[in-house]
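Please examine the model shown below. The paragraphs after it begin with a single residue and then turn to its surroundings.

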Amino acid sequence: MAVLPILTIPDERLKRKAQPVKDIEAIQGFIDDLIETMYHTDDGIGLASTQVGSTDAVIVIDLSEDRSEPMVLINPEIVEKSGEYVGEEGCLSIPGYRAKVTRFEKVKVTALDRKGQPLEIETDDFLAIVLQHEIDHLHGKVFIEHLSALKQQIALKKVRKYA
C-alpha cells in the first residue's frame, strides 16, 4: 500500500469528473492506497479518488472513532435527497479552511461495495453530509463552490498561506 499525494486547490485535476469503474478487480490495490492515504491524514474521514488524481469513481469513508471501519463506495450516486442542513465542513484538498455549507439533510445513495455487490445507504445523520461532500468531488466540485465568490477567494488565500 502507498500513501498518495492529495491534490489541493487550485489544482485543475480536482475539476475533472470521475468515470464509472468497470473492472472492480483491477482497482483493488488503488482502493487500498486510497484508504491508506485517508488514514495517513490527521483528521480525514473521507477521500474521493479525484483528490489523488484518479478518474475512477471511488470514495472511501470512515466515521468510526478508532478509524478502523473503512467504507468503500464504487460508482456512488445520490438517488434521493430531501430537507436542508447547514453545517461546517473542511476538506483535505483545502487545508486549513472550514466554512458553513448548505446540504441536503437526508440522502439515499446507491453504489457498489468493494466486491462489486450493490449497496444502498439511506441516512439523515453526519454520513449524509460526508457522502454529499465526497460525491461532489467525483463530479469535479469542491465544497467551497457552494460558497460566495468572496469566501472562495478567502479559501484560496488560506490554502496558499498553509502551503
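Isoleucine 121 is buried, at a relative accessible area of 14%, because buried means under 20% relative accessible area, exposed over 50% and partly exposed in between (1.4 Å probe, protein chains only). The structure is a predicted model, in which local features need pLDDT of at least 70, side-chain atom pairs count only at pLDDT 80 or more, and totals for chains, interfaces and linings use all residues. Residues are numbered from 1 along each chain as its sequence is written, and side-chain values use heavy atoms, with hydrogens and water left out.

Isoleucine 121 lies in strand E7 (residues 118–123); strands (E, at least two residues) and helices (H or I, at least four) are DSSP runs numbered from the N terminus. Contact means heavy atoms within 4.5 Å. Apart from neighbours within four places in sequence, isoleucine 121 contacts Met71, Leu73, Val107, Lys108, Val109, Leu127 and Leu131. Isoleucine 121 is also 6.5 Å from threonine 110, C-alpha to C-alpha, although eleven residues separate the two in sequence.

In soluble globular proteins, nonpolar side chains tend to be buried together. A nonpolar core is a set of buried Ala, Val, Leu, Ile, Met, Phe, Trp, Tyr and Cys residues joined through side-chain atoms within 4.5 Å. The largest such core here has 16 residues, and Ile59, Ile61, Leu73, Val109, Leu131 and Leu138 have the most contacts inside it. Two or more residues come from each of strand E2 (58–61), strand E6 (106–112) and helix H2 (126–138). H2 gives the most, with six residues.
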